[in-house]
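Open the structure in your viewer and keep the selection tool at hand. We will walk through it stop by stop.

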Amino acid sequence: MSKNILIIEGSPRKGGNSDILTDQLIKGAEESNHNTEKIYLTDYKLNYCLGCYACQKGPCVHDDGMDKLIDKMMKAEVIVLATPVYFYSMSGQLKTFIDRTLPKYEEITNKEFYLIATAAVNEGFALERTFEAMRGYLDCLPGAQEKGTIYGVSSWLKGDVKRTVAMEEAYNMGKNI
Ligand SMILES: Cc1cc2nc3c(=O)[nH]c(=O)nc-3n(C[C@H](O)[C@H](O)[C@H](O)COP(=O)(O)O)c2cc1C
């Protein structure tokens, strides 16, 4: 069955390592006849959540396109969260995006999630804190299921990831969604 896959790219570095891995996933997914859409958070100038809870009574105080991104999440069956590891957590871009889903996060229901992180370090366990931070978000979404993770280690400079097994893992992940 064909699925709608939304890829949320949290790196500001286009053509960087997580971008390359999500392209691999997309290649596999399209070969399996799924529909894919990748959004680069760096293309949006998302404001921080103010914690004002205006969204409990009406629209978010920020008018910066986030509502459209939330709609895309609600329409997708599968969501891929991709991030570089920045000081052993996700990028600020991805965290800001996650916080801004506050107005409707309880309506982002029953999604399948795939998590991708890239880092310079070569030990996979060092990425656990980053995945745990993303899992904290998944725990808040009704019916969210974590279906897979890619540890894009040993990847510092743009393109380093091409020399790692993560390339094949990301392709196979897409193929088997
Ligand atoms: C602000 C910043 C913080 C970083 N922190 C870490 C880190 O804690 N551990 C690590 O292994 N690599 C760290 N890196 C390296 C990146 O994770 C690495 O270059 C990664 O491949 C970037 O992914 P991208 O190409 O998708 O942006 C950091 C890079 C930057 C710019």
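Keep in mind that the model is predicted.

**Stop 1: helix α1**

Select residues 17-31, which form α1. How far apart are the end C-alpha atoms of α1? They are 21 Å apart.

Now colour α1 by burial. Of its 15 residues, 11 are buried, so α1 is largely enclosed by the rest of the structure. The buried residues include Asn17, Ser18, Ile20, Leu21 and Leu25. Further along α1, Ile26, Gly28 and Ala29 are buried too.

What do the buried residues of α1 pack against? Show the strands β1 (4-9), β2 (35-40) and β3 (78-84).

**Stop 2: Thr22**

Stay in α1 and select Thr22. Is Thr22 buried or exposed? Its relative accessibility is 0%, so Thr22 counts as buried. The cut-off for buried is under 20%.

Look at the side chain of Thr22. It reaches the backbone oxygen of Asp19 at 2.9 Å. It also makes a polar contact with the side chain of Glu9, at 3.5 Å.

Show the contacts of Thr22 beyond its neighbours within four places in sequence. They are Ile7, Glu9, Lys38, Ala82 and Ile116.

**Stop 3: the ligand**

Which residues are closest to the ligand? They are Ser11, Asn17, Ser18, Ser155 and Trp156, out of 16 residues that surround it. Asn17 and Ser18 are also among the buried residues of α1.

Zoom in on the oxygen atoms of the ligand. A polar side-chain atom of Ser11 lies 2.6 Å from a ligand oxygen. For Arg13, a side-chain N or O atom is 2.9 Å from an oxygen of the ligand. Val121 takes part through its backbone: an N or O atom there lies 2.8 Å from a ligand oxygen. On its own, the ligand has 650 Å² of accessible area, and the protein covers 79% of that.

**Stop 4: helix α5**

Select residues 166-175, helix α5. Here Ala166, Met167, Ala170, Met173 and Gly174 are buried. Why are they on the same side of α5? They cover an arc of only 130 degrees around the axis, which puts them on one side. An α-helix has 3.6 residues a turn, so residues three or four places apart point the same way.

What covers this buried side? The cover includes α1, β4 (112-118) and β5 (145-152).

**Stop 5: three loop residues**

Select Asn33, in the loop between α1 and β2. Asn33 is exposed, with a relative accessible area of 59%. Its phi is positive, about 65 degrees, although Asn33 is not a glycine.

Next, select Asn110, in the loop between α3 and β4. Asn110 also has a positive phi, near 55 degrees, and it is not a glycine. Asn110 is exposed, at 58% relative accessible area.

Finish at Ser89, in the loop between β3 and α3 (92-99). Ser89 is partly exposed, at 26%. Beyond residues up to four places away in sequence, Ser89 touches Pro84, Thr130 and Ala133. Select Glu132 as well: it is 43 residues from Ser89 along the chain, but their C-alpha atoms are separated by 8.8 Å.

Methods
Residues numbered from 1 in each chain as written. Predicted model: local features only at pLDDT ≥ 70, side-chain atom pairs only at ≥ 80, totals over all residues. Heavy atoms only, no water. Buried < 20%, exposed > 50% of the residue type's maximum accessible area, 1.4 Å probe, protein only. Helix = DSSP H or I, 4+ residues; strand = E, 2+ residues; numbered from the N terminus. Arc of directions from axis to C-beta. Contact = heavy atoms within 4.5 Å. Expected span 1.5 Å × (residues − 1). Near = heavy atom within 4 Å. Polar contact = N/O pair within 3.5 Å; in protein donor to acceptor, adjacent residues only side chain to side chain. Areas by Shrake-Rupley, 256 points an atom, 1.4 Å probe, with all protein chains shown as cover.
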